[in-house]
Structures are given as structure tokens and as C-alpha cells.
Amino acid sequence: MLRPVPDTDGAPFWEYAAQGELRVQACAACGELRFPPRPCCPHCQSFESEWRPVSGRGRVWSYVVAHPPLLPDYAARAPYNVVVVELDEAPRIRLVGNLVPGPGQPLGSLPRESLRIGARVRAVFHEGLPQWVPERP
């Protein structure tokens, strides 16, 4: 699988993820949460930032099921889903990942019928990567 290549602004996101924590960048001046990480706040133009923990809860905003032909490393895993999740704390922040039945479960192990826009999900981590699992009522 391809691994993320962190840049200077995004490196803390991946460091926290490796520890099993979902954090997003926040402006230290106005408090606005932002993603993707960047040096300047788009709201107040401050260069001061901090990384705040978020609940990891959200809803599926969109999804796609990938089928071959794909990059060779992914073809054997297809078909699998890729979801865009809107975070509860900041609906403008949308993170991409895979929806799986439980932490560390393989891609494609969740039945496609389980995918739906608006489904409640929560973040889990496997090998330093955020994944999403259905939130139980």
C-alpha cells in the first residue's frame, strides 16, 4: 500500500495518527479548525497554529467503490470503498479513508450494501493510518 509522504505542514497529523489520535490543525489566534494543514489561517491570516484533538466522529459525505484496473498494489484488494467523512466538530473538514467493519479489517471487507451517504462513522487507526468504522446506535 502507498504510505503518506508528509510535508512540513502535515507531518504532525501523521505523527498523531501513528499514536492512534485524530487531531486537526487549528488557528491559535481565532480558533478556527482547518484541514488540510497549511501555514496561514484562511480566516484571520495568522501564522500561529496548534493541533487539537477531535472526537473522530462524523458522517459519510460521499463514497466510491474502486474496481480494477488500479495501481498494481491496490488491484488485488479491489473492489474496496473510499469514503469522504465530514467531521462533527467542523463540517467543512472532510477526511478521506476507507470504511471497514472494525480496526485492522481488510479493505473491501465491508459489504457494499452497508455504504450510504449520511451514515454515522468514527475513526480508528491501523498501522498509523486512519480508517472509519460504522458507529453503532
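The sulfur of C41 is 3.7 Å from the closest cysteine sulfur, which belongs to C30, and this is too far for a bond. A disulfide is a covalent bond between the sulfur atoms of two cysteines, and it is assigned here to a pair of cysteine sulfur atoms within 2.5 Å. By this rule the count comes to zero disulfides. The structure is a predicted model, in which local features need pLDDT of at least 70 and side-chain atom pairs count only at pLDDT 80 or more, while totals for chains, interfaces and linings use all residues. Residues are numbered from 1 along each chain as its sequence is written, and side-chain values use heavy atoms, with hydrogens and water left out.

C41 counts as buried because its relative accessibility is 1%, whereas C30, at 39%, counts as partly exposed. C44, at 33% relative accessibility, is likewise assigned to the partly exposed class. This residue, C44, is placed in the loop between β2 (33-34) and β3 (49-53), strands and helices being DSSP runs numbered from the N terminus (helices H or I, at least four residues; strands E, at least two). When residues up to four places away in sequence are not counted, C44 touches C27, A29 and C30, a contact being defined by heavy atoms within 4.5 Å. The C-alpha atoms of C44 and E32, which are 12 residues apart along the chain, are separated by 9.0 Å.

A polar atom of the N98 side chain lies 2.6 Å from the backbone oxygen of N81. With residues up to four places away in sequence again left out, the residues that N98 touches are Y80, N81, V82, V83, L107, Q131 and W132.

For the chain as a whole, the secondary structure comes to two helices and eight strands, which follow the pattern α-β-β-β-β-α-β-β-β-β along the sequence. Along its principal axes, the C-alpha trace spans about 45 × 35 × 25 Å. Buried residues make up 36% of the 137 residues in the chain, and, among contacts with a separation of 6 or more, 55% are accounted for by residues 24 or more positions apart.

Key
Buried means under 20% relative accessible area, exposed over 50%, partly exposed in between (1.4 Å probe, protein chains only). A polar contact is a pair of N or O atoms within 3.5 Å; within protein, one must be able to donate a hydrogen and the other to accept it, and residues adjacent in sequence count only if both atoms are side-chain atoms.
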